[in-house]
Amino acid sequence: MGFLRDLATLTRQGYEAQQRLDVGASMAQAKAQMEQASRMMAASMPAQAEPALEGQRLRTTATILDARQLPMMIGMNSLVELDLHVLMPGGVPLPVTRTEQLAPLHLARALPGATLDVSLVPGRPDTVHVEWGG
């Protein structure tokens with residue numbers, strides 16, 4: 001009879017938990033988390049410049065001022081927010097913040113003080129692209 005008593009206890013506990021469940025709040029929380037994940041994904045994708053502007057893209061270097069790992073992973077890649085100091089031709093500094101998807105191989109390169117190769121369209125800080133392969 002112990003099995004049936006345990007089954008009855010589990011059934012009663014399940015019904016009580018179901019009565020306490022707030023489906024609306026759970027759905028609202030899930031929706032908020034999906035919207036946050038969508039914003040992070042969109043931020044990690046580089047902006048697509050017009051083809052005419054791609055011919056003006058310059059290669060330069062950037063120094064990492066700060067790197068923060070975000071609480072999300074895409075596959076095996078970590079999302080990292082980088083504060084960069086991009087050195088424009090002529091010595092003009094350009095502060096840029098980028099969210100990047102970093103493979104485990106590149107995580108060690110995302111340290112404050114590190115120098116990275118980047119490219120961008122002059123006058124368009126939203127087109128900064130970190131050249132991880134270079």
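Where in the structure is the place of Gly-123? In this predicted model, Gly-123 sits in the loop between β4 (115-121) and β5. Gly-123 is exposed, its relative accessible area being 69%. Its C-alpha atom is separated by 9.8 Å from that of Leu-94, a residue 29 places away along the chain.

The segment after β5 (124-130) contains Glu-131. With a relative accessibility of 19%, Glu-131 counts as buried, because the limit for that class is under 20%. Its side chain makes a polar contact of 2.8 Å with the side chain of Ser-119. When residues up to four places away in sequence are not counted, Glu-131 touches Arg-59, Arg-109, Asp-117, Val-118 and Ser-119. With Arg-59, Glu-131 also forms a salt bridge, in which the closest N and O atoms are 3.9 Å apart. This pair links distant parts of the chain, since Arg-59 belongs to strand β1 (residues 58-74) and Glu-131 to the segment after β5, 72 residues apart. The two partners fall into separate accessibility classes: Glu-131 is buried at 19%, whereas Arg-59 is exposed at 57%.

Side chains of opposite charge can pair when their charged atoms come close. The count of salt bridges comes to 7. Among them is the pair of Arg-68 and Asp-66, with closest N and O atoms 2.8 Å apart. Arg-68 is partly exposed, at 28% relative accessible area, and Asp-66 is likewise partly exposed, at 30%. Arg-68 forms a salt bridge with Glu-81 as well, the closest N and O atoms being 2.7 Å apart. Here, too, distant parts of the chain are linked: Glu-81 is in strand β2 and Arg-68 in strand β1, 13 residues apart. Glu-81 has a relative accessible area of 23% and is partly exposed. Together with Asp-83, the residues Asp-66, Arg-68 and Glu-81 are linked in a network of salt bridges.

Strand β2 (residues 77-87) also holds Leu-82. Leu-82 counts as buried, with 0% relative accessibility. Apart from neighbours within four places in sequence, Leu-82 is in contact with Ile-64, Asp-66, Ala-67, Val-96, Thr-97, Arg-98, Glu-100, Ala-110 and Trp-132. Between Leu-82 and Leu-111, 29 residues apart in sequence, the C-alpha atoms lie 9.2 Å apart in space.

Another leucine, Leu-7, is found in helix α1 (residues 2-20). Leu-7 is partly exposed, with 42% relative accessible area. Together with Phe-3 and Leu-4, Leu-7 makes a nonpolar surface patch of about 340 Å².

Definitions and conventions. Residues are numbered from 1 along each chain as its sequence is written. This is a predicted model: local features need pLDDT of at least 70, side-chain atom pairs count only at pLDDT 80 or more; totals for chains, interfaces and linings use all residues. Side-chain values use heavy atoms; hydrogens and water are left out. Helices (H or I, at least four residues) and strands (E, at least two) are DSSP runs, numbered from the N terminus. Buried means under 20% relative accessible area, exposed over 50%, partly exposed in between (1.4 Å probe, protein chains only). A polar contact is a pair of N or O atoms within 3.5 Å; within protein, one must be able to donate a hydrogen and the other to accept it, and residues adjacent in sequence count only if both atoms are side-chain atoms. Contact means heavy atoms within 4.5 Å. Patches are made of residues with over 30% relative accessible area and no salt bridge: like charges are joined within 9 Å, nonpolar side chains (Val, Leu, Ile, Met, Phe, Trp, Tyr) within 5 Å. Accessible areas come from the Shrake-Rupley method with a 1.4 Å probe; for residues, only the protein chains shown count as cover. A salt bridge is a side-chain nitrogen of Lys or Arg within 4 Å of a carboxyl oxygen of Asp or Glu.
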